[in-house]
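Here's a quick briefing to read with the model open. Have a look at the structure first, then go through the points below.

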Amino acid sequence: MDLLRRVRDEETPAITAAGELIADAVAADGRLFAFGAGHSSLAAQDVVYRAGGLALMNLLAVPGAVGVDVMPATLGSALERVDGLAAAVLDSSPVRPGDVLVIISLSGRNALPVEMAMNARALGLKVIGVTSVVYATETKSRHVSGTFLKDHCDVVLDSKIAIGDAELSVDSVDAPFGPASTAVTSALMQAVTATAVAALGSRGIQPPLLRSGNVDGGHDWNGRIFAEYGDRIFYRH
């Protein structure tokens with residue numbers, strides 16, 4: 001709760017900027033993508049095909065790095081450090097200039113998120129980074145450039161998560177515990193989405209929102225959205 005309050009109090013300007021950036025892309029017929037590796041992918045997946053969310057948000061998936069669905073799970077961590085993987089993924093994806101890519105990486109120090117941001121901007125995308133900025137001052141980058149995710153973004157959202165992502169400790173336990181990054185990052189993502197929706201509404205633009213399939217009429221509503229915006233939605237193909 002303390003972390004959520006701190007993010008609310010300190011990151012509101014960045015949340016607003018990120019929401020406006022997404023609203024700009026939606027209004028200009030752009031597409032939206034979210035990427036995260038390992039557990040950072042959970043917050044990215046949370047805004048894709050989500051009731052109450054923007055239908056245009058697509059998951060930019062890197063095989064072997066989406067959550068912990070690869071065996072052994074440690075392979076996913078290793079793939080984050082592979083040079084050139086981000087460029088290959090972007091080159092084979094449907095991204096185009098003017099689109100928005102949200103990149104989620106707690107540390108922001110590995111090659112994959114850094115190169116993803118660098119290459120995305122080179123392709124003309126707007127990049128929103130969700131990361132813990134403290135890593136850039138207290139750890140070393142694992143990318144050859146020596147830079148972090150935060151150095152290659154149009155907007156940076158600082159999750160304020162402590163290095164190591166374990167917020168609790170007790171004298172009787174040798175290691176810290178209680179990771180908070182998923183809860184805080186998901187809250188940030190939903191705040192940005194809500195800001196974008198409100199921004200579109202204030203411009204007189206109906207946001208392409210999805211409704212729950214468990215609400216009467218939800219499937220018909222979503223079918224209409226899919227038909228109208230099908231050329232900007234890629235998780236149905």
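**Helix 7 and the cores**

Helix 7 (residues 181-202) has 22 residues and spans 31 Å from first to last C-alpha, close to the 32 Å expected at 1.5 Å a residue; that expectation is 1.5 Å times one less than the number of residues. Helices (H or I, at least four residues) and strands (E, at least two) are DSSP runs, numbered from the N terminus.

Keep in mind that this is a predicted model: local features need pLDDT of at least 70, side-chain atom pairs count only at pLDDT 80 or more, and totals for chains, interfaces and linings use all residues. Residues are numbered from 1 along each chain as its sequence is written, and side-chain values use heavy atoms, with hydrogens and water left out.

**Around helix 7**
- Buried residues here (under 20% relative accessible area, with exposed being over 50% and partly exposed in between, 1.4 Å probe, protein chains only) include Val184, Leu188, Met189, Val192 and Leu200.
- The buried residues of helix 7 pack against helix 1 (2-27), helix 2 (40-45), strand 3 (100-104), strand 4 (126-131) and strand 5 (155-158).
- Just past helix 7, Gly204 has a positive phi of about 80°.

**Nonpolar cores**
- A nonpolar core is a set of buried Ala, Val, Leu, Ile, Met, Phe, Trp, Tyr and Cys residues joined through side-chain atoms within 4.5 Å.
- The largest one has 44 residues, and Ile22, Leu32, Met57, Val100, Val102, Ile128 and Leu157 have the most contacts inside it.
- Helix 1 gives this core its largest share, ten residues.
- Apart from that core lies another, of 20 residues, with Phe35, Leu101, Ala120 and Leu125 among them.
- In soluble globular proteins, nonpolar side chains tend to be buried together.

**Residues to click on**
- Leu32 touches Ile22, Ala25, Val26, Leu54, Leu56, Met57, Asn58 and Val100, not counting residues up to four places away in sequence; contact means heavy atoms within 4.5 Å.
- Leu101 sits in strand 3 and is buried, at 0% relative accessible area.
- Leaving aside neighbours within four places in sequence, the contacts of Leu101 include Phe33, Phe35, Leu60, Met116 and Ile128.
- Ser107 is in the loop between strand 3 and helix 5 (111-122); Ser107 counts as buried because its relative accessible area is 14%.
- Beyond four places in sequence, Ser107 touches Thr131, Ser132, Tyr135 and Phe148.

**From the record**
- An unreviewed UniProt entry carries the annotation "domain: SIS" over residues 22-202; such annotations may be inferred rather than shown by experiment.
- Residues 22-202 are 35% helix and 13% strand, with the end C-alpha atoms 14 Å apart.
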